Amino acid sequence: MAVKKDALAEMVYSLSENDIPLVYNLLTRLINQPKDEHIAYDNEPLTEKDLEAIKEAEEDYKHGRTIRFEEIEDDI
């Protein structure tokens, strides 16, 4: 998926103030960590169980049933 930097910047500008620290932390980690090119890309199709888990996660997110990144950061 080709994404231009200006499109990414627009997305960042549209974030809520509450989400800025989370995205900043993620981008900092991506920039500072070595590339994981040695890890094979998972190209297997999604199973019905995978799709159901995705739907459940989306519903949890919509209803605020989430955990803040800062709460689990040290576990990662």
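The legends below describe close-up views of a predicted model.

Residues are numbered from 1 along each chain as its sequence is written. In this predicted model, local features need pLDDT of at least 70 and side-chain atom pairs count only at pLDDT 80 or more, while totals for chains, interfaces and linings use all residues; side-chain values use heavy atoms, with hydrogens and water left out.

**View 1. Helix H3 and the residue Gly64 that comes after it.**
Helices here are DSSP runs of H or I with at least four residues, strands are runs of E with at least two, and both are numbered from the N terminus. H3 covers residues 48-62, which makes 15 residues. The expected span of a helix is 1.5 Å times one less than its number of residues. For H3 this gives 21 Å, and the end C-alpha atoms are 21 Å apart, so the two values agree. Gly64, which follows H3, has a positive phi, near 75 degrees.

**View 2. The salt bridge between Glu59 and Lys62.**
A salt bridge is a side-chain nitrogen of Lys or Arg within 4 Å of a carboxyl oxygen of Asp or Glu, and the model has four by this rule. Side chains of opposite charge can pair when their charged atoms come close. Between Glu59 and Lys62 the N to O distance is 3.7 Å. Both residues lie in helix H3, three residues apart, about one turn of the helix. An α-helix has 3.6 residues a turn, so residues three or four places apart point the same way. Relative accessible area is classed as buried under 20%, exposed over 50% and partly exposed in between, with a 1.4 Å probe and protein chains only. Glu59 counts as partly exposed because its value is 35%, whereas Lys62 is exposed at 62%.

**View 3. Two further salt bridges, Arg65 with Asp60 and Arg68 with Glu70.**
The side chains of Arg65 and Asp60 meet at 2.9 Å, N to O. Asp60 is partly exposed, with a relative accessible area of 24%. In the pair of Arg68 and Glu70, the closest N and O atoms are 3.5 Å apart. Arg68 is partly exposed at 45%, and Glu70 is partly exposed at 38%.

**View 4. The largest pocket and its lining.**
On a 1 Å grid over the protein atoms alone, a pocket is an open set of points with protein on both sides within 12 Å along at least five of seven lines, and lining residues have an atom within 4 Å of a point. The volume of the largest pocket is about 390 Å³, taken as the space filled by probe spheres set on the points, which are joined across faces, edges and corners. The lining has 14 residues, and those closest to the pocket centre are Asp19, Leu22, Ile67, Arg68 and Phe69. Helix H2 (20-32) and helix H4 (69-72) are the elements that give two or more residues to this lining; H2 gives the most, with four. By class, the lining has seven nonpolar, three polar and four charged residues. Nonpolar covers Ala, Val, Leu, Ile, Met, Phe, Trp, Tyr, Cys and Pro; charged covers Asp, Glu, Lys and Arg; the others, Gly among them, are polar.

**View 5. The contacts of Asn25 and Phe69.**
Contact means heavy atoms within 4.5 Å, and residues up to four places away in sequence are not counted for Asn25. Asn25 lies in helix H2 and is buried at 17% relative accessible area. Asn25 touches Phe69 and Glu73. Phe69 lies in helix H4 and is also buried, at 19%. Leaving aside neighbours within four places in sequence, Phe69 is in contact with Leu22, Asn25, Arg29 and Ile76.

Terms used. 1 Å grid on protein atoms, 1.4 Å probe; cavity = no way out; pocket = protein on both sides within 12 Å on 5 of 7 lines; lining within 4 Å.
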